[in-house]
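Subject: Structure handover

Hi there,

Here is the structure I promised to pass on to you. Have a look at it first, and then read on for what turned up in it.

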Amino acid sequence: MALERLERLDRRWLFLVLGLLVLGPLLWPLNLPIEPSRPSRQFNDAIASLPEGCTVLMSCDYDPASRPELVPMTKTALRQLWRKHCKVVVTVLWNGGPAIVDQTIEETADEFRARGEKLVDGVDYVNLGYKAGNEAVMVLMGQGIKSTFPLDQHRHDTSTLPILRNVTNYSSFPLLVNISAGYPGTKEWVQQVNSRFHLPMISGCTAVSVPEYYPYLQAGQLRGLLAGMAGAAEYEQLQGERGLATHGMDAQSLAHLFVALCILLGNVVLWSRRGGRA
Amino acid sequence: MGACVVAVLAAAVLSGVPPALAAAPAVADSVPAPQPASGLLFSDVPNDAGRAIDLHWALSPDDSVRNGRVVGYRLERAPSPAGPWAPVDSVGAGTSTTTDGSVERNTPYFYRVSACGPGGVTPSGACAGPAIARSSWFNTTRASVLAFTVLFFLLVLYYMFLAQTGRKPFVRRLAGIDAIEEAIGRATEMGRPVLYVPGIQDIDDIQTVAGLVILESVARMTARYGTPIRVPVAYPIPFTIAQEVVRSAYLQGGVPDAYDPNSVSFVSPEQFAYVAAVTGIMLRDRPAAHVFMGSFYGESLMLAETGFETGAIQIAGTANVPQLPFFVVACDYTLIGEELFAASAYLSGDARLIGGLKGADVLKVAIVAVVIVGCVLETLGHHGLTVWMQTQ
Amino acid sequence: MRREIPLLLTAVIGGIMIASFFVPHEWASVPADYLQQCAVIVVAFGYVLGGANVFRVNLDAIFKRHRDWPYKLVLVAGLLVTLILGLFVDRARFQDPGTPSLWIYDHLYVPMNATMFALLAFFIASAAFRAFRIRSAEAALLAVAALIVMLGRVPAGDAMLRAIVDHAGVPHAIRAWRISDLQQWIMDVPQNAAKRAILIGAAMGVMATGLRVILGIERAYLGGGD
Amino acid sequence: MSHDFGVWVGALLTLFIFSFLYKDNPLYKFAEHLFVGVSAGYYIVLNYWTVIDTNLIGPLAAAFSGKLPGGPWHVQQGDYRGLLVIPGLLGALLFTRLFRRIDWLSRFSLALIIGVYAGLKTTGFAQGDLVAQVQASLQPLWIPGHPGASLNAILFTIGLLASLLFFFYSREHRGALGGATRIGVWFLMISFGAGYGYTVMSRVSLLIGRFQYLLGDWLRLR
């Protein structure tokens with residue numbers, strides 16, 4: 001009887017329950033303990049083992065749709081790099097991304113400035129902004145970064161920027177940090193830059209892409225991998241932060257439990273129907 | 001001397017030396033000048049277009065013991081041993097290599113290294129040179145990539161040639177194709193239409209092409225059975241092709257009158273608008289068979305779910321791996337990844353497609369062999385094959 | 001000639017690109033570099049063309065009073081306002097703080113782009129309930145892996161297991177087991193093996209397509225006509 | 001609650017789109033069409049200023065300004081000066097697609113794009129996905145003193161080979177090949193299960209992000 005009612009359940013009830021399960025922990029957090037996984041530790045360690053003061057390339061290839069997964073890890077990575085006094089050169093290969101990436105960089109830099117630390121655009125970091133062309137841009141940068149990006153996001157001439165004075169091509173960087181929402185992203189950076197120019201790289205990506213990138217991690221083409229919001233939360237944990245990703249993890253947990261329950265219940269309904277007919 | 005130190009440090013700061021170097025003059029009086037670095041060696045960076053020279057030197061004895069007299073090294077170059085010297089790079093203490101990436105090819109350069117510290121700057125006694133950067137004709141680190149690429153291309157071309165000369169290589173019939181035929185048969189029995197979705201991407205996605213090739217055979221079957229077919233399409237170009245494909249299938253089947261010009265419809269490239277329209281067809285017309293073949297994204301689960309609810313037989317195929325789980329659980333049969341292309345090659349009988357398929361098949365066998373041999377060699381402690389295949 | 005010359009061009013350009021991968025010499029690398037520079041520029045024109053096409057198609061729909069034409073009016077108005085502000089008012093500074101263009105980006109583009117995809121969270125729940133059917137051993141494997149990964153990837157999995165174990169008085173040796181470790185093992189071993197096979201197969205597919213394009217066999221991209 | 005008009009607009013549009021969950025309705029359609037229009041306009045503006053203006057018009061103007069040493073045809077790697085006329089022309093030819101009678105001219109532009117990307121993708125996949133992935137699979141199957149790792153290595157290799165054979169079309173899947181492909185299917189199913197789990201995670205995260213926006217930026221509850 002109850003099963004029959006379940007079978008005919010309007011799916012909007014499921015929508016409602018899921019919405020409430022996500023909303024609840026955002027208002028009243030459960031603070032479940034977060035334990036970093038191995039790929040997240042590797043990501044953290046790759047940045048930790050950089051020499052102080054080096055210049056790192058960071059490509060933020062996403063648009064607003066992936067903001068909840070990727071902006072928190074972008075911020076944590078910037079903080080970790082800046083704490084090591086690393087200079088950061090940022091590029092954006094997604095149409096929708098340059099402005100939110102710029103806002104993310106400035107918000108994070110403002111945190112440092114509020115503490116009295118000096119971070120100057122063009123000296124300690126630069127957002128080179130967007131360039132169309134996906135793989136072609138990646139390979140072009142291998143021949144010359146300033147000729148590929150003649151102007152930065154704020155239309156400064158890149159040939160006069162202090163941060164780029166000693167930067168020619170990929171050989172100027174010890175590491176590429178790629179924050180990726182899909183195509184073009186980690187897969188293309190691995191194929192065109194990690195393989196072709198031997199630039200070590202780590203990736204933070206949306207959870208959807210994670211299974212596809214695991215073979216790269218195992219092959220050493222990636223030195224570390226952050227898996228979506230959970231990876232970002234683990235990374236925040238490793239850096240001793242409590243950001244938006246950590247804040248969202250309780251809701252994430254409950255939603256996963258609910259979807260798991262949906263799969264089980266749905267099949268119970270199926271089996272009971274099959275049993276009844278047999 | 002003092003002026004020289006300041007000038008050197010200024011130059012060093014400009015070229016991005018570690019901050020410690022910049023602070024040097026403050027303690028310049030109390031610390032002696034460092035002993036020089038020695039043994040500067042150069043080599044042309046291999047496998048490039050003659051754009052860089054590697055430099056290597058032995059650390060200053062003061063640097064080796066870390067007594068604070070050395071904070072870094074400064075590299076300079078000149079067109080002749082007599083100068084004039086120009087700064088190339090500055091590196092921190094403990095570093096004994098760098099690369100000069102700003103050279104002109106086929107031009108001789110002379111290099112010298114100086115140890116820098118709070119007590120002053122000590123150039124090494126001799127300079128090294130002439131160093132010349134030359135272009136290479138082959139990147140030797142990519143030999144294994146070339147080998148695999150050439151082997152694969154030759155295989156593909158060979159099988160294409162074979163297929164074109166009439167000796168068509170054997171390709172097995174995929175179970176998914178039988179499943180489609182069965183589903184159309186059942187739709188005919190029930191007197192309900194067949195829904196065909198050729199993905200939601202434009203024609204530049206090769207999966208859309210595969211989807212349209214399969215549509216051709218499906219349309220031929222529906223023409224033969226006299227079952228109506230519905231084909232909603234997301235982009236204008238695939239739409240015109242789909243129209244053409246379906247019409248010619250009915251023509252070739254000898255039933256041009258049975259062709260309904262409204263069976264192929266243009267919807268919208270917008271993901272959710274497209275889904276809304278297709279699910280509308282599913283609920284309104286109640287097709288008995290749904291065939292999804294092509295490139296799908298996040299909307300795949302919405303199509304599969306609504307389709308499942310209507311109780312239709314569902315057959316899907318896509319090479320977009322993240323979407324496969326949703327099709328696998330909600331469809332009666334799913335063509336996985338490459339199988340989509342294999343099905344289109346099989347159905348079209350196109351020699352060029354079959355050539356690619358067979359070439360890949362043979363290379364797969366070669367890869368299986370390489371992996372087995374490689375694993376055995378690795379287990380026995382021989383690393384030759386692994387090192388040869390290393391591309392970085 | 002309208003087809004042959006473009007096909008020849010594709011072959012030559014594709015050949016140079018492949019050659020430049022193996023030949024670092026400036027005779028190959030400089031032309032390849034130039035071609036990529038050109039590609040970047042032409043791709044950008046392509047985006048502009050895409051926008052122009054959206055404008056044309058929808059304007060057409062409005063004039064012909066197609067179904068939903070009032071919505072197309074909204075579409076065209078949104079397009080024109082964004083375009084005019086960006087090209088003629090804010091110009092190159094269109095992404096600087098305080099400009100109307102950035103306001104449109106921040107308060108129209110960003111929330112709508114993000115919400116469109118957030119809808120999928122709800123549909124995934126209902127699909128899990130209504131269209132995830134374990135009808136075979138293979139489907140059962142898929143389901144078990146999915147459940148372990150879903151629970152093992154978030155804190156709730158281990159927390160739940162610990163709560164159960166603590167109440168049930170399970171032997172000490174088993175207490176150390178964690179769903180997150182099992183999740184990691186699935187990702188590292190079985191899923192990784194299968195994904196690598198798919199990756200290798202897909203690589204061959206792309207290479208075969210590349211070869212067909214360069215040889216002029218694959219020419220769907222040229223469109224119809226002579 | 002927020003006092004920023006923009007945040008209110010964003011929040012309302014967010015709710016308009018969520019209303020699709022109840023059913024397809026005019027509010028959703030309004031937001032959807034507005035989104036398509038705004039993004040089309042935005043893509044034009046973005047690509048014009050960041051690429052066409054920056055990488056084409058700027059360098060061309062500089063090349064023909066007479067100020068650069070060597071003049072407009074002194075071309076070297078990374079600095080193509082007057083030669084940029086060609087991509088400019090090809091870009092313009094792309095627009096012939098809007099006119100039926102001369103749309104064949106756009107094929108020259110397509111030839112460039114297709115040629116460049118076919119070349120880049122072919123070598124990129126060959127190196128990064130084919131050779132590098134096969135190379136990484138050559139691992140010792142027995143590591144003395146590490147039975148767990150050895151077992152994993154053996155299992156991994158079996159899974160890889162069986163899954164590869166699943167995509168083998170030259171022979172019917174019977175006998176030994178049939179057995180191997182059956183094992184391959186098991187591995188593929190486990191990988192699809194993992195994919196399912198991670199996709200669920202991704203989509204839920206996006207929803208959390210929207211709720212964080214509504215609660216934080218709009219309602220100021222946190």
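Before anything else, a word on domains: their bounds come from an automatic or database domain assignment. With that in mind, chain B is divided into domain 1 (2–132) and domain 2 (169–348), and the C-alpha centres of these two domains of chain B lie 67 Å apart. Please also keep in mind that this is a predicted model.

Chain A

Along the principal axes, the C-alpha atoms of chain A fill a box of roughly 75 × 40 × 30 Å. Chain A holds eleven helices and six strands, and 59% of its 278 residues count as buried. If you look at its contacts with a separation of 6 or more, 73% of them are between residues 24 or more positions apart.

The part of chain A I would look at is strand S2 (residues 87–92). Six of the six residues of S2(A) are buried, so this strand is largely enclosed by the rest of the structure. A:Lys87, A:Val89 and A:Thr91 point one way from S2(A), while A:Val88, A:Val90 and A:Val92 point the other way.

What does S2(A) pair with? Strand S1 (residues 55–61) of chain A pairs with S2(A) in the parallel sense over five bridges, and A:Met58 stands opposite A:Val90 there. S2(A) also pairs with strand S3 (residues 125–130) of chain A, again in the parallel sense, over four bridges. Here A:Val90 stands opposite A:Asn127 in S3(A). From S2(A) the chain crosses through helix H5 (residues 98–114) of chain A to S3(A), in a right-handed β-α-β crossover. S1(A), helix H4 (residues 67–83) of chain A and S2(A) make a right-handed β-α-β unit too.

Chain B

Three strands of chain B form an open antiparallel sheet in the order S1-S2-S5. Strand S1 (38–44) and strand S5 (97–100) of chain B are the edge strands, each pairing on one side only. On average, neighbouring strands of this sheet are turned by 20° against each other, direction ignored. S1(B) and strand S2 (residues 53–58) of chain B share five bridges in the antiparallel sense, with B:Leu55 in S2(B) as the bridge partner of B:Phe42.

Is helix H9 (residues 300–309) of chain B enclosed or open? Nine of its ten residues are buried, so H9(B) is largely enclosed by the rest of the structure. Among the buried ones are B:Leu301, B:Met302 and B:Phe308. The cover over the buried residues of H9(B) includes helix H8 (271–285) and helix H10 (324–330) of chain B, together with H4 of chain C. Just after H9(B), B:Gly311 takes a positive phi of about 80°.

Chains C and D

How many residues of chain C are in contact with chain D? There are 102, and they touch 98 residues of chain D. Helix H2 (26–63) of chain C is among the elements that give two or more residues to this side, and H2(C) gives the most, with 24 residues. By type, the residues on the side of chain C that touches chain D divide into 75 nonpolar, 18 polar and nine charged.

Enjoy exploring it!

Best wishes

Key: Residues numbered from 1 in each chain as written. Chains lettered and ligands numbered in written order. Predicted model: local features only at pLDDT ≥ 70, side-chain atom pairs only at ≥ 80, totals over all residues. Pairing = 2+ DSSP bridges. Axes fitted to C-alpha atoms, helices over the stretch in contact; angles between N-to-C directions. Contact = placed C-beta atoms within 7 Å. Nonpolar A, V, L, I, M, F, W, Y, C, P; charged D, E, K, R; others polar. Buried ≥ 20, exposed ≤ 12 C-beta atoms within 10 Å, placed from the backbone. Right-handed = clockwise from strand over helix to strand, strands pointing away.
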